[in-house]
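Biologist: Could you take me through this structure one point at a time? Please show it to me before we start.

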Amino acid sequence: MPPFPGSGLAKGLAVTLRTMTKKTVTDQYPDVQPELPPRSRGVIALFEENCTVCMLCARECPDWCIYIDSHKETVPPAAPGGRERSRNVLDRFAIDFSLCMYCGICIEVCPFDALFWSPEFEYAETDIHELTHERDKLREWMWTVPAPPALDPAAEEPKELIAARKTADKLATEQAQQAEHAEQVRQAQQASQVEQAEQAAQAERSAGAEQAAQAEQPAAERDPQEGES
């Protein structure tokens with residue numbers, strides 16, 4: 001059945017009439033901050049402790065708006081007889097938000113969870129050159145990143161948490177062993193000091209007893225030649 005002539009216009013007018021009868025709500029920004037969705041794409045934050053300077057984010061960025069500088073440092077061996085290792089140290093991590101199109105590819109490809117979405121959006125500048133934010137500013141935005149949503153009760157625990165827990169347990173065990181060893185060394189030192197003190201006291205008592213015995217002997221016994229003279 002063909003639609004009734006003018007039905008589309010009637011529907012549009014109905015929507016307009018319903019909207020006209022509703023109360024108008026105005027967000028008093030910037031006095032009142034808007035309620036953004038929890039995973040809003042506001043700005044990209046950097047957790048530089050996780051960054052290994054693998055350059056994946058910079059290579060995959062379609063706008064080439066990520067700038068990274070680094071240098072290599074030599075790390076001493078972890079155990080005696082081991083080999084020295086070299087590691088990359090981050091010198092600069094900057095993002096030019098005048099070029100960024102907020103695609104999120106850099107965050108998706110980062111294998112070490114060093115980049116996150118922050119809901120912060122108030123970073124406008126009057127000069128386009130000031131939209132290139134360095135790692136210090138990106139680090140400040142890291143503390144505004146919301147916590148991830150809770151997992152389903154029946155879901156498996158993430159492998160990252162399992163690995164982190166194992167590392168923490170291993171570190172705690174090593175620290176406990178070191179503390180126990182240090183306590184044993186301290187107790188051994190205390191026992192040695194007590195033993196040395198007892199030996200010194202015994203030697204002093206023996207010397208005192210010997211001197212007293214010599215003082216009690218008669219003069220003739222101490223010096224026979226004196227008696228003869």
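The questions and answers below go through a helix, a strand residue, salt bridges and a surface patch.

Biologist: How far apart are the end C-alpha atoms of helix H1, residues 7–21?

Modeller: This is a predicted model, and the value is computed from it. H1 has 15 residues, and at 1.5 Å a residue it should span 21 Å. The end C-alpha atoms agree with that, being 21 Å apart.

Biologist: How many residues of H1 are buried?

Modeller: Buried means under 20% relative accessible area. H1 lies largely in the open, so its number of buried residues is zero.

Biologist: How many residues apart in sequence are the parts tied together by Arg135 and Glu48?

Modeller: Arg135 forms a salt bridge with Glu48, with the closest N and O atoms 3.4 Å apart. Arg135 is in helix H4, while Glu48 is in the loop between strand E1 and helix H2, so the pair ties together parts whose separation in sequence is 87 residues.

Biologist: Which residue forms a salt bridge with Glu183?

Modeller: The closest N and O atoms of the pair are 2.3 Å apart. Both residues are in helix H5, about one helical turn from each other, because they are three residues apart. The partner of Glu183 is Arg186.

Biologist: Which residue makes a nonpolar surface patch with Tyr29 and Leu36?

Modeller: The patch covers about 270 Å².

Technical notes:
Residues numbered from 1 in each chain as written. Predicted model: local features only at pLDDT ≥ 70, side-chain atom pairs only at ≥ 80, totals over all residues. Heavy atoms only, no water. Patch = residues over 30% accessible without salt bridge, like charges linked within 9 Å, V, L, I, M, F, W, Y side chains within 5 Å. Areas by Shrake-Rupley, 256 points an atom, 1.4 Å probe, with all protein chains shown as cover. Salt bridge = Lys/Arg side-chain N within 4 Å of Asp/Glu carboxyl O. Helix = DSSP H or I, 4+ residues; strand = E, 2+ residues; numbered from the N terminus. Expected span 1.5 Å × (residues − 1). Buried < 20%, exposed > 50% of the residue type's maximum accessible area, 1.4 Å probe, protein only.
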